Amino acid sequence: MTEAAELPPAPEQARDVFGDRFADAVRYAELLAEAGVRRGLIGPREVPRLWERHLLNCAVLSEVVPEGVTVCDVGSGAGLPGIPLALVREDLKITLLEPLLRRTNFLTEVVELLGLDHVTVVRGRAEEVMGKLPPVHVVTARAVAPLDRLATWGIPLLRPYGEMLALKGDTAEEELKAAATALSKLGAVETSILHVGEGVVDPMSTVVRVEVGESPGGVRFAAKRAKAARTGRARRRR
């Protein structure tokens with residue numbers, strides 16, 4: 001078994017980004033470097049670059065998330081980007097959505113340990129929870145799937161005129177072009193590529209923004225969403 005490298009000290013930028021929650025960010029980094037590696041949630045080679053490549057890279061997503069909205073972090077994994085976002089934005093109501101039990105156990109432990117009262121952990125796949133979870137203003141995701149596939153999972157969870165924010169790398173522009181037809185069918189009305197984190201991360205984080213109209217998921221999901229809502233109401237009446 002490969003031993004994890006030592007976690008480096010937090011860079012000065014982290015103090016500015018996380019503010020009053022800096023100590024919690026340090027504890028989260030320690031958990032990722034220890035339990036996260038031990039449980040196979042992150043690779044041991046990621047430990048030396050946890051701050052720049054993971055925590056700060058995700059925290060700067062807050063620059064483009066509106067104030068006071070609901071967020072669903074799809075395929076949250078070890079909590080990226082959901083937990084760094086929660087640490088810097090206590091005005092948000094965040095759901096960490098993750099299908100694997102060992103990951104949701106870790107997420108629940110982190111949320112409780114850090115006192116993130118505005119964060120909820122839900123075990124499940126995006127396609128399973130549609131109609132069971134209230135639609136959200138913003139869906140976030142990082143390293144989950146190619147954009148066209150990610151959109152089929154994330155966009156149907158949005159409320160009308162919501163947006164999906166996907167952290168991507170160098171392939172962002174190519175993925176966006178390749179997914180254009182799929183996004184249109186899913187009700188997307190506008191797309192853009194944003195760069196966030198100037199002065200914090202180098203290179204800056206790349207975000208693909210997909211904004212939807214009044215029918216998130218398009219015609220394909222309208223009937224499914226309505227059926228799920230009816231089923232949910234029927235269960236609550238029992």
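## Basis

Contact means heavy atoms within 4.5 Å. This is a predicted model, in which local features need pLDDT of at least 70, side-chain atom pairs count only at pLDDT 80 or more, and totals for chains, interfaces and linings use all residues. Residues are numbered from 1 along each chain as its sequence is written, and side-chain values use heavy atoms, with hydrogens and water left out.

## Nonpolar cores

Tyr-28 touches Leu-55, Ala-78, Gly-79, Leu-80, Ile-83, Pro-84, Phe-106, Val-110 and Leu-114, leaving aside residues up to four places away in sequence. A nonpolar core is a set of buried Ala, Val, Leu, Ile, Met, Phe, Trp, Tyr and Cys residues joined through side-chain atoms within 4.5 Å. Buried means under 20% relative accessible area, exposed over 50%, partly exposed in between (1.4 Å probe, protein chains only).

The largest nonpolar core has 50 residues. Phe-18, Tyr-28 and Phe-106 have the most contacts inside it. Elements that each supply at least two residues of this core include helix H2 (22-38), helix H5 (101-114) and strand S5 (158-168). H2 gives the largest share, 9 residues. Apart from this core lies another, of 27 residues, among them Val-74, Leu-97, Ala-151 and Ala-188. Helices (H or I, at least four residues) and strands (E, at least two) are DSSP runs, numbered from the N terminus.

## The sheet

An open sheet of 7 strands runs in the order S3-S2-S1-S4-S5-S7-S6, with mixed pairing. Two strands pair if DSSP finds at least two bridges between them. Strand S3 (119-123) and S6 are the edge strands, each pairing on one side only. Strand S4 (residues 136-142) and S5 run parallel, joined by 6 bridges. Val-139 has Met-164 in S5 as its bridge partner.

H3 packs on the sheet and touches S4, S5 and strand S7 (205-212). The direction of H3 makes about 165° with that of S4. Axes are lines fitted to C-alpha atoms, for helices over the stretch in contact, and angles run from 0 to 180 degrees between N-to-C directions.

## Helix H7

Helix H7 (residues 147-154) lies across S4, S5 and S7, at about 145° to S5. Its buried residues are Leu-147, Leu-150, Ala-151 and Gly-154. They pack against S4, S5, helix H8 (172-178), helix H9 (180-185) and S7.

## Asn-57

Asn-57 lies in helix H3. Asn-57 counts as buried because its relative accessibility is 16%. Asn-57 touches Trp-51, Glu-52, Arg-142, Leu-167, Val-201 and Ser-205, again leaving aside residues up to four places away in sequence.
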